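The questions below concern the predicted model shown here. Each answer works towards the value or name asked for.

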Amino acid sequence: MKAGIIVFLIIIYFGFIACNFNDKNSEEPSTVWDTLEVTASAYNSLSWQTGAGGANITAWGDTLKPGLRAIAVSRDLIKKGLDYNTPVKIEGFDSIYLVKDKMHYRWKNKIDIYMDKDVQKAREFGRKKLKIYYEVPVDSISKNKNIKE
């Protein structure tokens, strides 16, 4: 009888410590979505548009493939948190895009949306100002605020 009680208590003990009592809703998120208004245009993976280095190769060395949801960003946006592989929501688009390419230094506050090899689609998109929402770590926001203050 004593052995049965001990076994029962051991089972209860290990069952209790295996439970996760952390309330996931009370945890603070590790990332948030920040907003910017940028000038957006479109580009294709064609050598006459992309310059040296191969039409399908990004500045970070990724290979562009049809169907890839990718954008290129001006280098000033990289400093604002739109670094390599940052998830980005683009106003007017349903999908989430990833930062896969960076643009020439001459561009400021600009993104290029990758549109495969469909030149007509890219031309129809044109150039416009729109909002983007990008994911940033929460701790980087507090670091940036401390720098500005």
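Q: Is Ser 74 buried or exposed?
A: Buried means under 20% relative accessible area. Ser 74 falls under that cut-off and therefore counts as buried, with a relative accessible area of 0%.

Q: Which backbone nitrogen does the side chain of Ser 74 reach?
A: Leaving aside neighbours within four places in sequence, Ser 74 is in contact with Met 103, Trp 107, Lys 108, Asn 109 and Lys 110. One of these residues supplies the backbone nitrogen, at 3.1 Å from the side chain of Ser 74: Asn 109.

Q: Are the faces of strand β2 covered or open, and which residues show it?
A: In a regular strand the side chains alternate between the two faces of the sheet. In β2 (residues 70–73), Ala 70 and Ala 72 are on one side, with Ile 71 and Val 73 on the other. Both faces are covered, as shown by four buried residues: Ala 70, Ile 71, Ala 72 and Val 73.

Q: Which residue of β4 is the bridge partner of Ala 70?
A: Strands β2 and β4 (residues 96–102) pair in the parallel sense over 4 bridges. Ala 70 takes part in a bridge to β4, where its partner is Leu 98.

Q: In what order do the 6 strands close into a barrel?
A: The chain has 5 helices and 6 strands, and along the sequence they follow the pattern α-β-α-β-α-β-β-β-α-β-α. The pairing in the barrel is mixed: β2 is parallel to β4 but antiparallel to β5. The barrel order is β1-β5-β2-β4-β3-β6.

Q: What is the average twist from one strand to the next?
A: The barrel is made by 6 strands with mixed pairing. From one strand to the next, the twist averages 45 degrees.

Q: How many bridges join β1 to β5?
A: Strand β1 (residues 31–43) pairs with β6 (residues 128–137) in the antiparallel sense over 10 bridges, with Thr 39 opposite Lys 129. β1 and β5 run parallel, and here Tyr 43 stands opposite Tyr 114. The number of bridges joining β1 to β5 is 5.

Q: Which residues touch the most other members of the largest nonpolar core?
A: The largest nonpolar core has 21 residues. At least two residues of this core come from each of β1, β2, β3 (87–90), β4, β5, α4 (119–125) and β6. Touching the most other members are Ile 71, Leu 82, Val 88, Ile 90, Ile 111, Ile 113 and Ile 132.

Q: How many residues make up the second, separate core?
A: This core includes Tyr 43, Leu 64, Ala 72 and Tyr 114. Tyr 43 and Tyr 114 also stand opposite each other in the pairing of β1 with β5. The second core has 6 residues.

Q: What separation do the C-alpha atoms of Arg 69 and Met 115 have?
A: Arg 69 is found in the loop between α2 (47–50) and β2, and is partly exposed at 40% relative accessible area. Not counting residues up to four places away in sequence, Arg 69 touches Ser 95, Ile 96, Tyr 97 and Leu 98. Arg 69 and Met 115 are 46 residues apart along the chain, and their C-alpha atoms are separated by 8.3 Å.

Q: With which side chain does the side chain of Asp 62 make a polar contact?
A: Asp 62 is also found in the loop between α2 and β2, and counts as buried at 17% relative accessibility. Beyond four places in sequence, Asp 62 is in contact with Asn 56, Ile 57, Tyr 84 and Lys 100. The polar contact, at 2.8 Å, is with the side chain of Tyr 84.

Q: What share of contacts between residues at least 6 apart in sequence join residues at least 24 apart?
A: Buried residues make up 29% of the 149 residues in the chain. Among contacts between residues at least 6 apart in sequence, the share joining residues at least 24 apart is 76%.

Terms used
Residues numbered from 1 in each chain as written. Predicted model: local features only at pLDDT ≥ 70, side-chain atom pairs only at ≥ 80, totals over all residues. Heavy atoms only, no water. Buried < 20%, exposed > 50% of the residue type's maximum accessible area, 1.4 Å probe, protein only. Pairing = 2+ DSSP bridges. Contact = heavy atoms within 4.5 Å. Polar contact = N/O pair within 3.5 Å; in protein donor to acceptor, adjacent residues only side chain to side chain. Axes fitted to C-alpha atoms, helices over the stretch in contact; angles between N-to-C directions. Core = buried A, V, L, I, M, F, W, Y, C linked by side-chain atoms within 4.5 Å.
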